Amino acid sequence: MTAVASSVEISAVLPAFNEAANLEQSVEIIVVDDGSQDGTPVVLERLKTTHPSLRVVRHPVNRGYGAALRSGFDAARLPWIFLMDADNQFDPMELGLLLAHAGEGDIVTGYRQRRRDPLPRRLNAWAFFTLVRLNFGRLARDVNCAFKLIRGDLLDRMNLHSEGALINTEMLVLARRLHARVVEVAVHHYPRLSGKQTGANPRVVLRAFGELLAFKAEMRKVEKAA
């Protein structure tokens, strides 16, 4: 459904990969099925019968988190885009916390008051974002928090390439280059109760580090050409 709150029109984008057990509770507007192999497509078809305005974007194969977000951004039509993962680790009712600051920023990004992920995933995130900070400086308190409100016209000015987990870093680096205003807001984070996390998967982690190095090289070229 189109969500309208406080006179702000919002397209909500939820990347989903094997999230059949979570979608009934979390679906908002645009769900990107990133090549799911479980019952996600069946759940989405059922949800469309009761939510006619639900739009589903499908990838025939799993392309990655960044690719799913970019497909969702391309499908979004309203002035503001709300990003939230489909794993039910965030409370969509806290969108109001972001909306309260929409007049102050071009990106209103949440930061998790307490990250409720398993230790291996937290350690991987710490290592990765330590490297991000060393390469790009401070971007935000919680760079990859999947609870963000972003101006659509700002996203239109970004040439996003990331197929994987680097997408949030890429967005915030490009936002800084475009002199965008970033506001940070504390949000709650909850343990995943269904489905399987992919953030600690060695293949996903290696892909993220590879994308980080490639993005750093790209930014160096841009800086030299400027």
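The buried residues of helix α8 are covered by elements that include α5 (119-136) and α7 (167-177), helices (H or I, at least four residues) and strands (E, at least two) being DSSP runs numbered from the N terminus. The model is a predicted one, in which local features need pLDDT of at least 70 and side-chain atom pairs count only at pLDDT 80 or more, whereas totals for chains, interfaces and linings use all residues. Residues are numbered from 1 along each chain as its sequence is written, and side-chain values use heavy atoms, with hydrogens and water left out.

Within α8, Val 205, Ala 208, Glu 211, Leu 212, Phe 215, Lys 216 and Met 219 are buried, where buried denotes under 20% relative accessible area, exposed over 50%, and partly exposed in between (1.4 Å probe, protein chains only). The charged end of Lys 216 sits over the ring of Phe 136, 5.2 Å from its centre (the criterion being NZ of Lys or CZ of Arg within 6 Å of the ring centre and within 35 degrees of the ring normal).

The whole structure contains 5 aromatic pairs, defined for rings of Phe, Tyr and Trp (its six-membered ring) by centres within 6.5 Å, with planes under 30 degrees apart counted as stacked, over 60 as edge-to-face and the rest as tilted. Phe 82 and Phe 147 form an edge-to-face pair, because their ring centres are 5.1 Å apart and their planes lie at 90°; this pair links strand β5 (residues 80-84) to strand β7 (residues 147-151) across 65 residues. Phe 82 has a relative accessible area of 2% and is buried, as is Phe 147 at 0%. The rings of Phe 90 and Phe 147, with centres 5.4 Å apart and planes at 25°, are stacked, and Phe 82, Phe 90 and Phe 147 form one aromatic cluster.

A search of the whole structure also finds 13 salt bridges, each requiring a side-chain nitrogen of Lys or Arg within 4 Å of a carboxyl oxygen of Asp or Glu. In one of them, Asp 87 pairs with Arg 192, the closest N and O atoms being 3.8 Å apart; Asp 87 lies in the loop between β5 and α4 and Arg 192 in the loop between β8 (182-187) and α8, so the bridge ties together parts 105 residues apart in sequence. Asp 87 is buried at 7% relative accessibility, and Arg 192 is buried at 19%.

Definitions and conventions. Contact = heavy atoms within 4.5 Å.
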